[in-house]
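Welcome! Here is a short tour for anyone meeting this structure for the first time.

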Amino acid sequence: MFSRRTRILLAVLVVASLTFVILDLRGGQGPFATGRTVVSNVLGGLERGAATVFSPITGAGSWWSSMRDQADQIDTLGAENEALRTELNILRNDKARAAALDGLLRVASVGQYRFVPAEVIAIGPAQDFSWTVTIDAGRNDGIEQDMSVINGAGLVGRILKTTADTSTVVLIVDQGSAVGGRVAGTEEIGIAAGTGSQDSLEFELLDPLADVRVGDAIVTFGSKSGRPYAPGLPVGEVVEVEGTSGQLTRVARVRPFADMSQLSILGVVTKPPREDPRDSVLPRSDNLSIVPSPAPLGGDDAAPTDEGSASPATTQVPEEETAAVPVESGNP
Amino acid sequence: MIWRQVLIIGTATLLAVLIEVTLLTRLGIPGATPDLVVVTVVAIALAMGPIQGAAAGFAAGALIDLAPPGDTLLGVNAVVYIAIGFITGLAVDPRDRTIPIMMGMTGLATGAAVLLTAGLDTMLGSERVDWEQIPVLALTSALYGVLLAPGVILLIAWMVRKATPEVLVS
């Protein structure tokens, strides 16, 4: 079939290859290994030259593959970054919630209030001029109308309406809101009425001769059976006193302790303490002239709980619906 | 003029080996490395005939095993490439050498080279061969062989026509 020469050449080539295989399998030193090393060295040198010639192309190749890797890396890192940022936001949110709950617990435990924690889920639009928020707790959670609502800093408002699972809270800064208050550390009482601005209340003192100074703290006076306002809740700090002593009425401008623009976790006081906690719940602050004392004076303290119904002033204070009441009582 | 044939075969295989180990292996192409050496052997066999194909296979196989970083058993590739060169030279009838047929032939050869080398290595006791990867490697190698075929075949045919027109199979 094939010419003699073809057959011989083919046989020689195959035998040579197989000889290589056998010699390589045998391993060890010898002329074969030496020859192999020499040829490899020559080829290695040629390869170095070829590599230099091809370096622009291989460089482009590695550039391309590293670009591909980098694109993958960017994708991976981007996704990771996104996940971490989300986690960080969640953590930050959790931290804020924990801080809010801590504050709430402090107020509640010092004052021995029983409260239901709730979260603000909706806020009334500003153009309605009503300072109301919706919280995610309702009748099913034991919340009823006219319960006090607090946060970690102090009084926030009262329950206006309830549904099965949500409630509407009217904030103390709402223009329709009026809170019976007492200047901490004294017996001076008055009405803290909302002005519609988020950081100010008007505190009208019933006694025109009362001595009120900037920096005094206002706490709730308390209403009958703790509604709408439980006694002893911190309301705010006097920042300005208008009118001189002896005027018909004296009005103090009060900045609420609770920041009405940043409400998150609120507590609804379902059960006021058996005894008025007096001033013990007030925030610890150097600015306040009143240093909160956990154990208020015994003599003063015995009465206040029942005072709500006994004293003529207090029967009026709970009906804080209009500013007319304090003015009338201030007149005589 | 036997020395011209030797020169062509030597130059073509050496260049193919150098390009393959310095350029093609480093491009990071997925799957097998494009087997320019086998394609060259096939091209020589198609242009010059089976015996020259076998000689080219021997040269290419020896070179690819000797060239760093080759670390396989010396001679295995040579045996495989001899078979490939000889058989392709015989198999394709000079009368129906169309580009698609030659491309298909090259694809078969590059795919078969992967399988035969792996088989021989395994039989000779190499434990490196990962048979799970062999199908992918054989298929991608065949694909790259088909893609490389037209250019290499035309180039080798041109070289042969210039240097030793008397052996050109056409």
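Let's begin with a pair of residues: A:I150 has A:G267, in β12(A), as its bridge partner. Please keep in mind that this is a predicted model.

**The strands around the pair**
- Strand β3 of chain A covers residues 148-150, and strand β12 of chain A covers residues 265-271.
- These two strands pair in the antiparallel sense, over 3 bridges.
- In general, strands of a sheet pair through backbone hydrogen bonds, either parallel or antiparallel.

**The barrel**
- In chain A, 6 strands close into a barrel, and their order is β1-β2-β5-β4-β3-β12.
- The pairing in this barrel is antiparallel, and from one strand to the next the twist averages 45°.

**Chain A as a whole**
- You will find 6 helices and 12 strands in chain A.
- Of the 332 residues in chain A, 34% are buried.
- Taking contacts in chain A between residues at least 6 apart in sequence, 62% join residues at least 24 apart.

**Where chain A meets chain B**
- Chain A brings 27 residues to the contact, and chain B brings 25 residues.
- On the side of chain A that touches chain B, α1 (4-26) and α2 (31-111) of chain A each supply at least two residues.
- The largest share of that side, 15 residues, comes from α2(A).
- By type, the residues on that side of chain A are 16 nonpolar, 8 polar and 3 charged.

How values were computed:
Residues are numbered from 1 along each chain as its sequence is written. Chains are lettered from A and ligands numbered from 1 in the order in which they are written. This is a predicted model: local features need pLDDT of at least 70, side-chain atom pairs count only at pLDDT 80 or more; totals for chains, interfaces and linings use all residues. Two residues are in contact if their C-beta atoms, placed from the backbone, lie within 7 Å. Helices (H or I, at least four residues) and strands (E, at least two) are DSSP runs, numbered from the N terminus. Ala, Val, Leu, Ile, Met, Phe, Trp, Tyr, Cys and Pro count as nonpolar, Asp, Glu, Lys and Arg as charged, and the others, Gly among them, as polar. A residue is buried if 20 or more other C-beta atoms lie within 10 Å of its own, exposed if 12 or fewer, and partly exposed in between; C-beta atoms are placed from the backbone. Two strands pair if DSSP finds at least two bridges between them. Axes are lines fitted to C-alpha atoms, for helices over the stretch in contact, and angles run from 0 to 180 degrees between N-to-C directions.
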